[in-house]
Amino acid sequence: MSAPFPSPPGDPPAPSGMPGSVLVTGISGNLGRALAKQLHAETRVVGVDRRPFAGKPKDIEHHQVDLRKARVEEAFRHRPVEAVIHMGIMHDPHMPFSEAHSFNLVGTQRILELCVRHGVRKVVVLSSASVYGPRPENSNFLEEETPLMAADRFSDVRDLIELDMYAQSFMWKHPEVETVIVRPVNIVGPTVRNAPSNYLRLEVPITVMGFDPMLQLIHEEDACRALVLALRPGLRGVFNVTGPGEVPLSMVLRELGRRPLPVPQPLLRAMVRRAFQARITSFPPEEVDHIQYLCVVDGSRFAREAGWSPRYTLRETIRSVL
Amino acid sequence: MAPDLSEAVKGRLREWTYSLGGPGARERLEKLTPPRNEYGVDPYGFDTEYMVAAVAPLFWLYRKYFRVQVHGIEHVPAEGRALLVGNHSGQLPFDGAMIEVAFLLDRDPPRAIRALMDTWVPTLPFVSTFMARCGQVVGTPENCRRLLAADEALLVFPEGTRGLNKPFRERYQLQRFGLGFMRLALESGAPVIPVAVVGAEEQAPALFDLRPLAKLLSFPAWPVTPTLLPLPLPTRYHLHFGEPITFRGAPDEDDEQLERKVAEVESAVRALLERGLKERRHIFW
């Protein structure tokens, strides 16, 4: 079924000034493992996750511990940590809200405190471009200063917004730590299992009748390369990270050979709500906004200040979910 | 099956577009080449191939229904940033559509004008997609800045729905102009080109606006016309373009100073309107 396409590009060249050791939270997730694979060839990697790390390369030191526990500090004590990539964020829409909330926020707070205590020079926090939220009144290209409005319609991203804002205030409070907040567009790829890639994997995806918003996708390996690039000394601030361009949802589905089923908006929202409550689908009803309205960001700041450009073409990125 | 069908329909519509456009229309329209990716769209979602098919009904309205006459279109530069500022009328925004079609049919090389939409439009099924594929964007200041910096021409109706949905007794009376477009003109250095549309006011004479119903449906207005629906009558449209006016000043100057400059644009539009009304022989022909 899947047409042959150019083999994935090789490993990125080591950016100058790669930290001697990098601690990665949430390393056991699909994206975390992809990042570890890229990173461990270039520097010493320490993993922290409450899940075991399946298929862990030998040279990675893994600490299986909850980020909220005091024992996390061992990961910092064992050998000095020069940089931290914090991507240990839980977003299971069916998880009780309080548990995820505490894990995400208390965990983030804990990790950032430990960074200060142990003299970590660089912190990269993984946020997401969905913090802006898909809205009819959005500009076509949202810049980093756009208010994070996603929560007014979609409470599930509240955690991510709070985390992003917490990291921003940390950035101002601790100028001695170079903090980078990375907001990538929808991450897709062969291993990630997030809402956008699961949606694109449906044979008969439901669409909102009469709506066809522009989408931005980034390949999982490109997203990991962006996180590695953010480790570059001197880089500090909030950055949108974009992939190879913008494309209407309908053209993405056509490229994947899907048979979309358009449903009128009011009916669709009621349907998804019922199905979600009955646990037939893992798509929260508010996710409908993402296939109805625009949430496209301007990634020029990261391109300018970090020299970012994705490796995968638009077509390769779309087809990576196959 | 379905894609084949829609491709066939698109092909037919494209042929219709070319035949309405007259001799050489195809070659002229092929000169429109916005930056496109491998899927044929620009970053805003503008798709010229889709547009050439989708505008066929608007071309028909332009040529056969409203029989639009264009005056002074040569005042609009062929390239470079520009702000077209016009009067808004007619209950349904056919005035904007006809101005854009004029730049596709009665101008060589054609120019794709970006009209600014109300934030209400992206909530409308089909309309939102049609507008985006035809290169229209929501009129946020960020969008305008970006497009002007890219040397595009924008079409602005500073009266907004105040002008569009005013009752018939106030026809050809300009409503209050917003100041936003002047800030953009000062910031970008784009010339302002006054535009007057004569004929749209009579297409759907509104007796009054049924505000409570509009509010209930979250529509900007609910005009009540003699036919009950705001369907346009076949009035003849006249589009008048005035000479470009370049303004100098700081974009963050006081509202008072901005208002003075905006008043200058208002009077230019009013003068064009008066001339257009004087020159018009009849509402319908």
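**Exercise 1. Find the residue with positive phi that follows α4(B), and say which residues of α4(B) are buried.**

*Solution.* Start at the end of the helix: R67(B) follows α4(B) and has a positive phi, near 45 degrees. Helices here are DSSP runs of H or I with at least four residues, and strands are runs of E with at least two, numbered from the N terminus. Keep in mind that this is a predicted model, in which local features need pLDDT of at least 70, side-chain atom pairs count only at pLDDT 80 or more, and totals for chains, interfaces and linings use all residues. Residues are numbered from 1 along each chain as its sequence is written, and chains are lettered from A in the order in which they are written.

Next, look back into the helix. A56(B), L58(B), F59(B), L61(B) and Y62(B) are buried (20 or more other C-beta atoms within 10 Å of the residue's own, placed from the backbone).

**Exercise 2. Work out how α4(B) and α5(B) are oriented to each other.**

*Solution.* Take the axes, lines fitted to C-alpha atoms over the stretch in contact. Those of α4 (residues 56-65) and α5 (residues 94-105) of chain B come within 10 Å and cross at roughly 90 degrees. The two helices are therefore roughly perpendicular (65 to 115 degrees, on a scale from 0 to 180 between N-to-C directions).

Now list the partners: L58(B), F59(B), L61(B) and Y62(B) of α4(B) meet F94(B), A97(B), M98(B), V101(B) and L105(B) of α5(B). Contact asks for C-beta atoms, placed from the backbone, within 7 Å.

Technical notes: Parallel < 35°, antiparallel > 145°, perpendicular 65-115°, else oblique. Contact = placed C-beta atoms within 7 Å. Buried ≥ 20, exposed ≤ 12 C-beta atoms within 10 Å, placed from the backbone.
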